[in-house]
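Please look over the sequence and the fold before reading on. The report then moves through selected parts of the chain.

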Amino acid sequence: MTNHTIQLDNIRAQRGILALITYGLVLCMLFVFYSPSALAMRYAMGQQGHEVAYTDQLMTQLEVLKDNTEKALYYVNKYADMPAQRAQVLTIYRQSLKAMRAQLSTLAALSHKEIHEQLAEAMAEQDQAAMTLNKRILAAYEAHWPVIADNLKRQTQTERANLADAQALERYLSNIQFGRSHHQYDNDQLPFGPLPNVAHRPADSIQALQARLGIAPQSLAMSALQRAESQDLSAYLALNVDTARTAELEQLAASLNSDPVQIYQYVYNHIEYVPAFGSIQGADYTRQTQRGNAFDQASLMISLLRLSGVPARYVYGSVEVDPEQVKNWVGGVAVIEAAQNLLGQGGVPNVIIKGAEDSVVSYGLEHVWVEFYQDGQWHAADPSFKQYEYSEGVDLKAALQLDGRSLTDSLLDGAEQNEIEGWVKHLNRGGLESKLQSAKLQLENALEQSFPGATVQEVLGEKVILQQNGVVLPTLPYHTIRASQALKHIPDNLRHKFKYELQSGASGLPQTHIRLEKSLPEILGYQTALSFTPATRADSELLRNYLPSDLSDVSQLPKTFPYGLANVKAEISISGNTVVSGGNFAIGDELQASMGFWSPRFGWELSASPLIAGEYHGIGIDAHGVSREIMGDVKNQFIRLKERLESGQTSNISRHEAVGSFLQAGIYTYFASTQAQNVIASVVDEMVTYRQPSYGTFSTNLSVSYRFGVPFRVEPIGFTMDVDQLSNNTESSTNCWDTWHTFNKHIGGISSYLENRIPEILLTKGGNTGQGVSAIAALNIASNLGQKIYTLTQSNLDSLQQVTIDSQARSEILIAVQAGKTVLLHERPVQVGTWHGSGYVIYDQDSGAGAYKISGGANGGFLSDDAAGTLTWLGFVAGAISTVALSFLFYVAAIITVLLLVDLLLDYRAIDHRCAGLGGLIMLAVGVSIAGIFAAPLMGIVLMYTGLLAGNAPLTVANSSICRN
């Protein structure tokens, strides 16, 4: 420990000195923050190069007033037992109000005049919609401004600020909507990270097993009716959502000669096991992804058997198996506790069975296998409990020769730090990049010299199923079957589901307009979307008439349109076919999307996010990985679209073809890319990782401007990728806690970065990519600008008041830190294209799970692009402006390029030649900036990864000795 650190510890121990320092910093911060020049600068940052209406300026300044008031009240509450300090805070707050009052009064008078002029103009033109809108704005102004002005007058004309008036002002301003509502998250359900290790103990009796299955206890003595039913084999040939009937499955069954042994061997030899519980993918999607849990592998085998005319059934049982086989089965882990964590995160009921002297003697779990009827009897087969051969690849850690401490030291060389306040600035990017570039070259040289021409498998290592090729079925691989229950179908209470609801109204009393609920086996592999279409023919005509009559180029499309230009209804479509529709909304209305999964162990877990009527949301649902077939479907849609455009067949291009395909390409490319990165990173970090059910959206983004809570203008401004759940089960091979924790933070940071990087690549123009923003990208930009980067915990929460950030994000961060979370954020907003805001990461110190957020609350990325306007109009009136779609040809080329890349990522283990850039991909997997398609913003990822000021273990390439029990 350095002398510097010891001195800081001594200061921390002296509470009086620390309080004095904190108090002085607070007063200094308040004087600077409330200065008129600081307010003007903040406003100018968000309005670069635009002539801004007086009413818009007034609304911006009222937001600043609201933020200032919230900050002052925070310190008033903090110093509740310190009268002198509390009075000083109120005095400074009063001075800030005096500085703002004159400016606000002037803007209010100019705004009042401006609204009257706009109303008069609308009346002269007999524009009924504009007249109605401006009357609403005028009424809102006349209702709200006098109340605010009266409060400011009372607070500034007295010698001392009145706390009750400040509280009243904060409550009043909080009820006025200034922009899109914040996307809030549950701190106990952070969207990026490992699933909790929560699983039942295996049932020890048939009664307990039946209770798990949700079926009534059955007497051991069968009635005559039950015996008759058991002999009726027709029920064991019926197909449902889990077993399905598709042309591909029928073709596969025929290719296996409808032979039960060959069918068993196909599933056993080709489908990788994923530790998860319940029916998730079903038969066909398991065939597509070539991976699945015990339920899904059983469904695939049963489907192939029943399609072959062979009666088959599930058997659900509580069994005991060999612990060594379990370690191999779940990923080749070194200790049984790691296997238990992987199974537990997946929800599989399991238990380590120990004997004398705490030795592991057996392993219990609830499991699913198959029985089929042939030659007058039932035969048992387990296609999912299998063994693998693991071959080690290149020792990447030795080849990389990265030392976590030296990386941290190079990053901090010359940087400014304040451990009490929890910030660092002027990080040494050059020094870090130099060290990482050297490591990258070392790795590439090691690969070229020691492993020339190595395949991807040889570099990363292989996991190969030990094949079953005998002419007869092997016996079941269990020591003991404690209890079992035969089933015709998987019970509904063991089937995962997805739900999407579109709601409006207050959060406490929402009104649901449309609702989609389907099991995951029904919906996986299809393209799901929420979109809006004109509510009536008259609304369609209004939209058409708003377009230029001689429209011939995308640049002629309106950049904005008035709120309520037309009414729209919502539709949820699956693969372009509308399955549910409803509602009647004005374009620009704020709604809420509630979506999420039902699982057998947690029930419904839903997230709510705001959206604007008129946006198009491509909804991506991932299970254990994106199948090549769904990516192929999206790519083929673009190929067909390109061919139609080139041939001039543009009259009936639907919004799903022109808009949906683009957005589906984005969200599924994201899921495929993050999964590939996770797997590569797991090799470097000696981890085992599996993707679990996840979902997110890639959408057009509409910005709505509000005047005293009244929406009045709608503007398509870009694209938003918002991934509300990206779940994995992950574990260190040796069950080491800090390796596991750091890995989860690591892949979370990479996944956040890809939320802006994938849209950037999709919108490549002339070889140049756009610039998007995500939490990681924003931190990177802020760091490059020399901003302070804060790591907030409960010990330095006061530092949040030194950060300029929107009030809703501030409130969320405050609640998160008080709940024990750690937050990484930057000092003040940054500008990226038309986006102006902040990025921040909320993460759990125990698990490394996190929410990677940008202003507005999206757990995702934003990209500003003119294409959003075109796609928005295509979403409403695709046929009317189909010729304009020709301008998308350059997008099509870019997207096909990306999808070809995804083909590579999805199939990287099967490539039989050296993958170009493999060293670069591996380097990215340890947080290193590289050139090429996945070039990462270095600082953001490394800051998040190392947690420099959060007391975390530094980035390391060696296993930790700190292991979980």
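This is a predicted model: local features need pLDDT of at least 70, side-chain atom pairs count only at pLDDT 80 or more; totals for chains, interfaces and linings use all residues.

Residues are numbered from 1 along each chain as its sequence is written, and side-chain values use heavy atoms, with hydrogens and water left out.

**The sheet**

Helices (H or I, at least four residues) and strands (E, at least two) are DSSP runs, numbered from the N terminus. An open sheet is built from 4 strands in the order β14-β13-β19-β20, and their pairing is antiparallel; two strands pair if DSSP finds at least two bridges between them. Because β14 (511-519) and β20 (603-612) stand at the edges with a single partner strand each, one side of each is left without a neighbour in the sheet. On average, neighbouring strands of this sheet are turned by 15° against each other, direction ignored, where the axes are lines fitted to C-alpha atoms, for helices over the stretch in contact, and angles run from 0 to 180 degrees between N-to-C directions. Strand β13 (residues 497-504) pairs with strand β19 (residues 590-599) in the antiparallel sense over 7 bridges, and Gln503 stands opposite Gln592 in β19.

**The cavities**

Rolling a probe the size of a water molecule over the atoms shows where empty space is left. A cavity is a set of points, on a 1 Å grid over the protein atoms alone, where a 1.4 Å probe fits but cannot get out, and its lining residues have an atom within 4 Å of a point. Grid points are joined across faces, edges and corners, and a volume is the space filled by probe spheres set on the points. The structure holds 9 cavities of 30 Å³ or more, and the largest cavity has a volume of about 200 Å³. Its lining consists of 18 residues, of which Leu195, His496, Ser599, Arg601 and Pro693 lie nearest the centre of the largest cavity. Strand β19 gives the most to this lining, with 3 residues, and β19 and β20 each supply at least two.

**Burial and single residues**

Buried means under 20% relative accessible area, exposed over 50%, and partly exposed in between (1.4 Å probe, protein chains only). Helix α27 (residues 867-877) is mostly covered, with 11 of its 11 residues buried; among them are Trp873 and Phe876.

| Residue | Relative accessibility | Class |
|---|---|---|
| His826 | 1% | buried |
| Gly709 | 28% | partly exposed |
| Ile776 | 0% | buried |

His826 is found in strand β27 (residues 822-826). Its side chain reaches the backbone oxygen of Arg828 at 2.9 Å, and a polar atom of the His826 side chain also lies 2.9 Å from the backbone nitrogen of Gly839. Contact means heavy atoms within 4.5 Å; not counting residues up to four places away in sequence, His826 touches several residues, including Ala778, Gln787, Val803 and Gly839.

Ile776 has its place in helix α25 (residues 775-784), and the C-alpha atoms of Ile776 and Leu825, 49 residues apart along the chain, are separated by 9.6 Å.

Gly709 lies in the loop between β23 (694-707) and β24 (710-732). Leaving aside neighbours within four places in sequence, Gly709 is in contact with Ile176 and Gln177; the C-alpha atoms of Gly709 and Gln177 are separated by 4.5 Å, although the two residues are 532 residues apart along the chain.

Technical notes
A polar contact is a pair of N or O atoms within 3.5 Å; within protein, one must be able to donate a hydrogen and the other to accept it, and residues adjacent in sequence count only if both atoms are side-chain atoms. On a 1 Å grid over the protein atoms alone, a cavity is a set of points where a 1.4 Å probe fits but cannot get out, and a pocket is an open set with protein on both sides within 12 Å along at least five of seven lines; lining residues have an atom within 4 Å of a point.
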